[in-house]
Amino acid sequence: MAAAVVGGSFLSAFLQVLFDRMASPHFLGFCKRQNLNDKLLRKLKTLLNSVNGVLDDAEEKQIIKPSVEKWLNELKDAVYEADDLLDEIGYEALRSEAESESESAAQTNPRKVWNLLASYNPFQKGSEEKLKDVIERLQDLVSQLDALGLREHDAREASGRIPTTSLVQECDVYGRDADKEAIVDRLISDDPRSGDLEVVLIVGMGGIGKTTLAQLVYNDERIKDRFGYQAWVCVSEEYDVFRVTKDVIEEVTRQACDIRTFNQLQLELKRILKGQRFLLVLDDVWIDEDGKWDMLQMPFKSGAKGSKVIVTTRNQNVASVMGTRSIYHLNQLDNDDCWLLFSRHAFGDADEFADHPHLEVVGREVVRKCKGIPLAAKTLGGLLHSERDVYKWEKVLNSNLWDLSSNKILPALKLSYYYLPSHLKRCFAYCALFPEDYEFRKDELVLLWMAKGFLIQPGGHSNFEEIVNLHYLNNGETKLKEMPSQMGKLSNLRKLTDFVLGKGSGSTIKELGQLHYLHESLTIWNLQFVNDVRDASLANLKGKKYLKLLKFVWNSNTDDSVHERVVLEQLQPTTNLESLSIIGYGGTRFADWLGHFSFSTMASIELRGCKHCSSLPPLGQLGSLKNLSIVAFDAVLAVGPEFYGSSPMGKKSFGSLKTLLFEKMENWQEWNSAGRIGSGAFPVLEQLYIKDCPNLSKAMPSKLPCLETLVIEGCQQLNMATIPSDRATYCMHLVDDHRDVWLNRFATIRPQHLQVVRFFCHHPPRQSLELVNGLSTALEEIEICRSNSLTHFPLHAFPKLKMLSLRYCDSLESLLELTDSTINSDASSLDSLEVSNCPNLVSFPKGGLLAPNLTQLLLQSCLKLKSLPEKMHSLIPSLLLLRLTDCPELESFPEGGLPSKLQSLEIYDCSKLIAWRRNWKLQSLPALLHLYIGSDIAMESFPHDEAMLPPTLTSLEISDLQNLKSLDTRCFRHLTSLERLKIKNCPELEFIPNEKLPSSLRLLSIIMCPLLRLRCQQEKGELWPMISHIRDIFVY
């Protein structure tokens, strides 16, 4: 929105910077020395002043006058060209001055060379000609002012806008009590039609108070008492499923999430929400693709019944995408409430208007023009805060901006920006360069403003050096091979993201010593090029007390490990550091400062690729350390007491550590945690990852009381008996494709979640059954992937099992031992069962699968499976979702039909089952809401008769039916609840019902159906009258 508001005003910021440059003594002195035509510069300044004076008027008129908008765009080009030219002059001025200093210094030190900036002189390339061109363009633009009716405006004042959070000042809200109670009532009551997860949509125009209403509800005590988890996420137009999922995890856990793959993100969120009743607020949603919503909400379904999602949006189409019936339309405030809100921000209290009756008359007219929009009343109240001049109130009331039409920007917000002081307007205008809902960091934004010269310095103008990026230098995305020489000259730098060392004549590391004010993060690259250890000492990292994150990087193997160790010793950083990374270090041991207890704020350490180090530093002494990664240490054979260090009396080693990763430790054999020092270590460790450590055989502390997740991958020699056994509530993930996984060794561990990927089990089926029994009393989730020898799974042996996933198990034939018919197939706790890519699965247990709490059954690519579990209607009564994909031998539903609570049925590429569709008896499913049928070459008409589809359906999808030619008219008449109909990739489909589709239909999507697309063209197609009543139609 800001970009639209400030269309012309960003020029004001540019012009003010140009005026400051042209007034700088550096600039004027250099132009004089170079004999640059003074008349041309005066003419340029006069022309820029002329256009600057009318920018406010142009901004006001550009929306209703396209000619003014065009003029502004042309002016931008001309001003940017002038900016580039003055940049060249400014840089050349600074370079020339510095060269003069270097020449003087060279008399005593001939090796000093100034090479900060490019060594070309723009004046040798016709700068006066460039200046004349710019002046000519500006003259042409100035000559159009009268014809366009542009004139100079008076200066104005106002205030700006604040961002939203989940917090709210209830004393600042008027007229929303009834709305709040209506939403709270929907959240604390259960709609039997909504399933386990209900989406409540708050719809209204921009600024009407959707976010405020959601905030009020979110902070209500009744809501806090009802929901175990609450999370608030701002979505915005740039809808990113990955980001939103990650934000939900961080909101719920109150911890940073560093998961990088979408699959693992969703699995983690599913685990967190499992069995929990939660409330999620998705604020400012613009999503119009149901595929994205389908992906986002998958983990939500693992929550407990009664979980709710509040969505605030301007677009009611979001309702059809999310499939919700619960829509709350938020209306405008009445005039009385709007007046109370306006007066609170204008005076603090409506009663104070009694002393200013002349202002109240104008104020009430302003409120009337706000048309009940809270944001407009609040913004204008702030604009006129404590202003007693009735003339200025009348200026706001009578402004033409009220009459400008724009469907994205409230007139009140245009006014609030329009009346900003010029020095604030240019700062606000700069923010328009960033995308909507971009999260600014205050200190970073201030540095950017300073670098642009937008902030007024004592003395009335910006210092020239600050204009040329001497405060903020973000070179992290560049391909810089080395820093320019004498970087120390940039002594005002507050932010430098990367310092790149090289072999050439660029800056050495000692230049950092003169950059005293560096803040936040710094990465130093190519430390192998530090030849003189004294340079490392002169960098004075120890004195840079504002640095929080530091990364050291070496990029080549060393032939002098002693030299590298001495360099690292001299690079000792400030003890205020919070995060440290050391990558590619070539020493045989670390510097003494690493792990010293004086680094009391150190929370995160990464040590990677230090291949010559034979021992680890005493990191256990760091009392605030929470995250530790140790990767690719080829020379480490054992981890022992040196790693724990000597913590003060009463303190435990690694007392705050929550996440620990060991990876690619090829020669690591032993982790020795015995003895007094190791005792009690890792008291709060929650996540432990050991990956690709093929020689590790003796491992792990025996007592990890808070462990929640244990991941072991590629550790072929690891003795499973050494796994900690005192924690019964953690998730275990095993990846091992080199040897037998001895499942009986987990008998004393008893994790709740076990994920075994790519494992071989060479024992006969009966022996495997005995081995796995040790886990039976604890496991709640099991995932097994790529086992080539698992022939059956003893489902009955896991009384607490809630989730089972078997994937790519080529030998799997049954969920029970085939030779034992006496085993009772009780799976009472099972909630979700997935069997996919198991080509030899033949059957389910004879007599049926007793799973009274199973809600999801997913079967995919089971090529030999001929039947579903027997007696599903009675033995699996809670089933809500049945998804069958690529099961070509599956012929029918079981006798007695499907469970009566089934809500979603999806059948894809099951040719025999689809051919049997006349016997599906879906009419007997009173709760069925969603039906999906896809991938069949025989079907020519759908459905076969009127009785096939139940009237409860709200969503129907068909896809990849290559020979489908028509949809049967009769079968749609009774679908009075149908809201969404999607048809995809049916190239022969030409006919849909020759009467109007159900009036309840809100979304019709026709994709890759060329014949049908032509007949459904808007206004032209012969089928258009049959579908024109549908609110959302997508045909492509």
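The legends below describe close-up views of a predicted model.

Local features need pLDDT of at least 70 and side-chain atom pairs count only at pLDDT 80 or more, while totals for chains, interfaces and linings use all residues. Residues are numbered from 1 along each chain as its sequence is written, and side-chain values use heavy atoms, with hydrogens and water left out.

**View A. A salt bridge joins aspartate 831 and lysine 274.** The N to O distance is 3.4 Å. A salt bridge here is a side-chain nitrogen of Lys or Arg within 4 Å of a carboxyl oxygen of Asp or Glu. Aspartate 831 sits in the loop between β22 (803–807) and β23 (832–836), and lysine 274 in the loop between α13 (262–273) and β3 (278–285), so the pair ties together parts 557 residues apart in sequence. Helices (H or I, at least four residues) and strands (E, at least two) are DSSP runs, numbered from the N terminus. Aspartate 831 is partly exposed at 21% relative accessible area. Lysine 274 is also partly exposed, at 22%. Buried means under 20% relative accessible area, exposed over 50%, and partly exposed in between (1.4 Å probe, protein chains only). The whole structure holds 22 salt bridges.

**View B. Arginine 364 contacts glutamate 360 and tryptophan 339.** The salt bridge to glutamate 360 has its closest N and O atoms 3.1 Å apart. Both residues belong to helix α17 (residues 357–370), four residues apart, or about one helical turn. Arginine 364 also lies over the face of tryptophan 339, 4.2 Å from the ring centre. A charge counts as over a ring if NZ of Lys or CZ of Arg is within 6 Å of the ring centre and within 35 degrees of the ring normal. Arginine 364 is partly exposed, at 39%.

**View C. Phenylalanine 342 and tryptophan 393 form an edge-to-face aromatic pair.** Their centres are 5.9 Å apart, with 90° between the planes. Rings of Phe, Tyr and Trp (its six-membered ring) pair if their centres lie within 6.5 Å; planes under 30 degrees apart are stacked, over 60 edge-to-face, and the rest tilted. Phenylalanine 342 is in helix α16 (residues 335–347) and tryptophan 393 in helix α19 (residues 390–397), 51 residues apart. Phenylalanine 342 is buried, at 0%. Tryptophan 393 is buried too, at 0%.

**View D. Ring pairs build a cluster from Phe643, Tyr644, Phe654, Phe662, Trp668, Trp671 and Phe682.** Tyrosine 644 counts as buried at 1% relative accessibility. Phenylalanine 682 counts as buried at 0%.
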